[in-house]
Amino acid sequence: MYRRFLKRLVDICVATIALIVLAPIMLATAIVVRVALGSPMLFRQQRPGLRGVPFTILKFRTMRNASGAEGDAARLTPVGRRLRSLSLDELPELLNVIKGDMSLVGPRPLLVQYLDRYTPEQARRHDVRPGITGWAQVNGRNAVSWPDKFRLDVWYVDHVSFALDCRIVALTIGALVTRRGIAQPGHATAEEFKGQPAS
């Protein structure tokens, strides 16, 4: 019942309230991004959603425009690093939640090019809507290995419940305070997922 009907209703209600309450913070963040990085203020990218169907994710920009062979870590600005440490860059994703692209809680939406690199078991992470936060995020975020991250994602898919979602939201607040697992060393977030190693 919760997974099929109530979860979506909770998403809409909570995301709408959050947008209203956080509107001043979002406006201040938009101004900071505009001054530090210029236009556009929002970063848009195709990400796989429910059943792997792509959608356009919205975030506040944290990087300079690409230049030559610069990697993401080199393009990440001090302002962008600060926004990421506070997860302020994620706030526009509340609009994705209201639209139905995402949920408040679920596996994080990764890159479209990863879709054909998953094992059938790992691909089960797309059996639910992707989330702003998730079970993997409160169990190490980008500091855990890809296999462990996918194992946590699939575990969430098999155990979705209102109580679990409330627990994840509470743990997310704690993770934001301690800023655990924001990025892997030498990466803006995490190293590229290249698929399952050949056995």
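Are Lys7 and Asp165 buried or exposed? Select the two together: both are buried, where buried means under 20% relative accessible area, exposed means over 50%, and partly exposed is in between, using a 1.4 Å probe and protein chains only. A word on what you're looking at: this is a predicted model, in which local features need pLDDT of at least 70 and side-chain atom pairs count only at pLDDT 80 or more, while totals for chains, interfaces and linings use all residues. Residues are numbered from 1 along each chain as its sequence is written, and side-chain values use heavy atoms, with hydrogens and water left out.

**Stop 1: helix α1 against helix α6**

Stay with Lys7 and Asp165. Their side chains form a salt bridge, 2.7 Å from N to O; the term needs a side-chain nitrogen of Lys or Arg within 4 Å of a carboxyl oxygen of Asp or Glu. Lys7 belongs to helix α1 and Asp165 to helix α6, 158 residues apart, so this pair links distant parts of the chain. Helices here are DSSP runs (H or I, at least four residues), as are strands (E, at least two), numbered from the N terminus.

For the cut-offs, rings of Phe, Tyr and Trp (its six-membered ring) pair if their centres lie within 6.5 Å; planes under 30 degrees apart are stacked, over 60 edge-to-face, and the rest tilted. Tyr2 is in helix α1 (residues 2-37) and Phe162 in helix α6 (residues 162-178), so the pair ties together parts that are 160 residues apart in sequence. Tyr2 counts as buried at 14% relative accessibility, whereas Phe162 counts as partly exposed at 47%.

**Stop 2**

Next, select Tyr114 and Phe193. This aromatic pair is edge-to-face too, at 5.6 Å centre to centre and 75 degrees between the planes. Tyr114 sits in the loop between β3 (103-105) and β4 (131-133), and Phe193 in the segment after α6, 79 residues apart. Tyr114 is buried, with a relative accessible area of 5%, and Phe193 is buried as well, at 3%.

Then show Lys149. Its charged end sits over the ring of Trp146, 4.3 Å from the ring centre; that wording requires NZ of Lys or CZ of Arg within 6 Å of the ring centre and within 35 degrees of the ring normal. In total, the structure holds nine aromatic pairs.

**Stop 3**

Jump to Glu90 and Lys59. They form a salt bridge whose closest N and O atoms are 3.9 Å apart. Glu90 lies in the loop between α3 and α4 and Lys59 in strand β2, 31 residues apart. Both ends are buried: Glu90 at 13% relative accessibility, and Lys59 with a relative accessible area of 13%.

For another bridge, pick Glu121 and Arg124, with closest N and O atoms 3.1 Å apart. Glu121 is partly exposed at 45%, and Arg124 is partly exposed at 24%. The structure holds 10 salt bridges.

**Stop 4**

Most residues other than glycine have a negative phi, and most peptide bonds are trans. Where is there a cis peptide bond? Zoom to Ser39 and Pro40, which are joined by one with omega about -5 degrees. Pro40 lies in the loop between α1 and β1 (42-48).

Arg51, not a glycine, has a positive phi of about 60 degrees. You'll find Arg51 in the loop between β1 and β2 (54-60), exposed at 65% relative accessible area. Ser87 also has a positive phi of about 60 degrees without being a glycine. Ser87 sits in the loop between α3 (78-85) and α4 (93-99), and is buried, at 14%.
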